[in-house]
Amino acid sequence: MTKLRIAVVIGSTRPGRKGEAVGRWVHALAQGRDAADYDLVDVAAFDLPLLSEPTVPGSANRRYEVPQTRAWSETIDRYDGFVWVSPEYNHGVPAAMKNALDVLYPEWGFKGFGIVSYGADGGTRATEQWRGILANVMGTVVRHQVALYEFLDWDDDGAFAPLDRRPQELRNLLDLLERTTAALAPLRA
Ligand SMILES: Cc1cc2nc3c(=O)[nH]c(=O)nc-3n(C[C@H](O)[C@H](O)[C@H](O)COP(=O)(O)O)c2cc1C
C-alpha cells in the first residue's frame with residue numbers, strides 16, 4: 001500500500017505565535033511512522049488575502065484568480081489528511097485559518113483531520129467548532145484530539161514544554177488519523 005501524505009497545518013499567522021512550536025513538535029513526533037509521511041505546512045507562508053476570489057470556491061472547479069490561492073490549492077491537493085494545529089481566539093476558530101479553509105473547497109474533501117488545539121483553556125471550544133465546519137467541506141475529523149493548555153504545557157518563560165502524557169496522546173491521534181485517512185481513500189479516488 002502506498003504511504004499516506006499528511007500535512008501538519010500551522011494555523012496561526014500571528015507575529016510571536018505559539019503555534020509554530022506546537023506544529024514543529026507534532027511534525028517531529030510524526031517522523032518515521034510506517035503508514036504516513038508528514039510535512040509541515042504553514043498558513044502564514046501563503047499570505048492569503050481575505051476571501052478575494054470572485055467565484056465561490058465550491059463552484060470554481062479549482063480555477064482561482066488569485067496567485068496565492070492557486071499556490072495554496074496545489075499544496076493542499078498533495079495531501080490525504082491533515083493535523084490541524086489551531087489556537088482558540090475569543091472562544092472560536094482563528095480567522096486566518098478559517099479563511100485558509102474557506103478559499104478552497106474540493107481540495108479538502110474525503111480527507112482525514114486530527115485536531116491539535118491550544119489556548120488558555122486548551123482550545124477545546126475551537127475544536128468543537130472545527131468539527132462542524134470541517135464536516136461541510138466533507139472532511140472527516142477523528143474523535144481523538146490533543147488539547148494543550150497555556151498554563152500546563154508552557155513553562156514560566158513562555159517556552160513550549162508539553163506534559164509527559166502529550167506525546168502518547170498525539171500518537172493515539174495519529175494512529176486514528178492514519179486509519180481513517182486510509183479508509184477514505186476509495187472516496188478520494
Ligand atoms: C485575539 C485572541 C483571542 C484569544 N481568545 C482566547 C480564548 O477565547 N480562549 C483561550 O483559551 N485563549 C484565547 N487566546 C489566547 C490564545 O489561545 C493564546 O494567545 C495562543 O498563544 C494563541 O495562539 P498563537 O500564539 O499561535 O496565535 C486568545 C488570543 C488572541 C490573540
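In which helix is E169 found?

## E169 and helix α6

In this predicted model, E169 is found in helix α6, which spans residues 166-183. With a relative accessibility of 21%, E169 counts as partly exposed, because the range for buried residues ends under 20%. The side chain of E169 is joined to that of R165 by a polar contact of 3.1 Å, while the C-alpha atom of E169 is separated by 8.2 Å from that of H144, a residue 25 positions away along the chain.

## The nonpolar cores

The largest nonpolar core has 28 residues, and those with the most contacts inside it are W72, F82, W84, W108, W130 and L134. Two or more residues are given to this core by each of β1 (4-10), α2 (67-77), β3 (81-87), α3 (95-102), β4 (112-119) and α4 (124-136), with α4 giving the most, at 4 residues.

When residues up to four places away in sequence are not counted, L134 touches W84, L101, F113, I115, G139 and V141. A second, separate core holds 21 residues, including V8, V26, V83 and L177.

## A buried glutamate, E107

E107 lies in the loop between α3 and β4, and although E107 is buried, this residue has no salt bridge. The nearest side chain of opposite charge, that of R62, is 4.2 Å away, and a salt bridge would therefore require the charged atoms to come within 4 Å.

The side chain of E107 does make a polar contact of 2.8 Å with the side chain of Y64, and one of its polar atoms lies 3.0 Å from the backbone nitrogen of Y105. Beyond its neighbours within four places in sequence, E107 is in contact with R62, Y64, S73, I76 and D77.

Key. Residues numbered from 1 in each chain as written. Predicted model: local features only at pLDDT ≥ 70, side-chain atom pairs only at ≥ 80, totals over all residues. Heavy atoms only, no water. Buried < 20%, exposed > 50% of the residue type's maximum accessible area, 1.4 Å probe, protein only. Polar contact = N/O pair within 3.5 Å; in protein donor to acceptor, adjacent residues only side chain to side chain. Core = buried A, V, L, I, M, F, W, Y, C linked by side-chain atoms within 4.5 Å. Contact = heavy atoms within 4.5 Å. Lys, Arg positive; Asp, Glu negative; His and termini not counted.
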